[in-house]
Amino acid sequence: MKILVIGGTGLIGSKTVKILLDRGHEVIAASPSSGVNTITGEGLAEAMAGTEVVLDLANSPSFEDAEVLEFFQTAGRNLLAAEQEAGVHHHVALSVVGTQDLGDSGYFRGKQAQETLVKAAPIPYTIVHSTQFFEFLGGIAKSAGAEGTITLSTAFIQPIASPDVAAVMADIALGAPLNGTLEIAGPDKVRMSELLARYLRDIGDARAVIGTPEAPYFGARLADDTLLPRGEARLGTIGYADWLASQTPR
């Protein structure tokens, strides 16, 4: 099977590509650096030729409201049009648990627009709603500044490790389209503020974390369960301690 992975050099994409290659499939890891650009359309037709399955794992390079919306709408339209022209059998999109309830967030309005395009297209599809990745902890810590405290939501999350996400994406790519949404999550539920506080302690970072229900997440206020799976979810096997151990230089 020929599989095109948009965002194939990123955190999830690179791991998914390796799994699919190890299973004997022809895989193209597509990104602007490889000459495939979903915004300009460059290289899409060529990469799409003979492709049966497309995985869209790309994320917006900007988190500004207007730019995020423009990215997901433009990339989605270009990608789906090229897939229809090429006769692709299955479109797989990676999105986020809770997307449908986060319309106050510019980022999640962009994700909602992406999902709407996928559902309206004639191509059979599967949308995977994932909980937050453990890897997002480092980004929060880095973006919060070198000194002082970090204020974060006390809402629950059920974080998942990127290898577990990649394993699901590979399985979905090789399966029949659901024409619906699958939710995936990590094995354990924890409050976002408590997890970041634990992570900072574990990496020797002295900054304090203040948890409050009022703290926004990508511009939206969260209920306790906004970022949790709504129904039965496929669970990963890598918990926080094992994930952290895998990040520590040996």
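## Burial and overall dimensions

Of the 250 residues in the protein, 51% are buried (buried means under 20% relative accessible area, exposed over 50%, and partly exposed in between, with a 1.4 Å probe and protein chains only). The model is predicted: local features need pLDDT of at least 70, side-chain atom pairs count only at pLDDT 80 or more, and totals for chains, interfaces and linings use all residues. Residues are numbered from 1 along each chain as its sequence is written, and side-chain values use heavy atoms, with hydrogens and water left out.

The radius of gyration is 18 Å, which agrees with the value near 18 Å for a compact globule of 250 residues; this radius is taken over C-alpha atoms, and the globule rule is 2.2 Å times the number of residues to the power 0.38. The C-alpha trace spans about 55 × 40 × 35 Å along its principal axes.

## Secondary structure, contacts and surface

The protein has eight helices and 11 strands; helices (H or I, at least four residues) and strands (E, at least two) are DSSP runs, numbered from the N terminus. Among contacts with a separation of 6 or more, 82% are between residues 24 or more positions apart, where contact means heavy atoms within 4.5 Å.

The accessible surface comes to about 11,400 Å², and carbon and sulfur atoms account for 52% of this area (Shrake-Rupley method with a 1.4 Å probe; for residues, only the protein chains shown count as cover). The protein has 18 positive and 29 negative charges, whose mean positions are 5 Å apart. Lys and Arg count as positive and Asp and Glu as negative, while His and the chain ends are not counted; the place of a charge is NZ of Lys, CZ of Arg, CG of Asp or CD of Glu.

## Helices H5 and H8

In H5 (136–143), the buried residues are Phe136, Leu137, Ile140 and Ala141. They fall within an arc of 140° seen down the axis of H5, so they line one face of the helix; the arc is that of the directions from the helix axis to the C-beta atoms. Lys142 and Ser143 are exposed on the other side of H5. The cover over the buried residues of H5 includes strand E6 (149–153), strand E7 (156–157), H7 and H8.

Helix H8 covers residues 240–247, with Tyr240, Trp243 and Leu244 buried. Their arc around the axis is only 95°, which puts them on the same side of H8. An α-helix has 3.6 residues a turn, so residues three or four places apart point the same way. Helix H5 and helix H7 (192–202) are among the elements that cover the buried residues of H8.

## Residues of helix H1

Val17 lies in helix H1, residues 11–22, and is buried with a relative accessible area of 9%. Beyond its neighbours within four places in sequence, Val17 is in contact with Val5, Gly8, Val27 and Ala29.

Thr16 also lies in helix H1 and is buried, with a relative accessible area of 0%. Thr16 and Met1 are 15 residues apart along the chain, and their C-alpha atoms are separated by 15 Å.

## A loop residue

Ala233 lies in the loop between strand E10 (208–212) and strand E11 (234–235). Ala233 is partly exposed, with a relative accessible area of 21%. Apart from neighbours within four places in sequence, Ala233 is in contact with Glu183 and Ile184. The C-alpha atoms of Ala233 and Gly204 are separated by 33 Å, at 29 residues apart along the chain.
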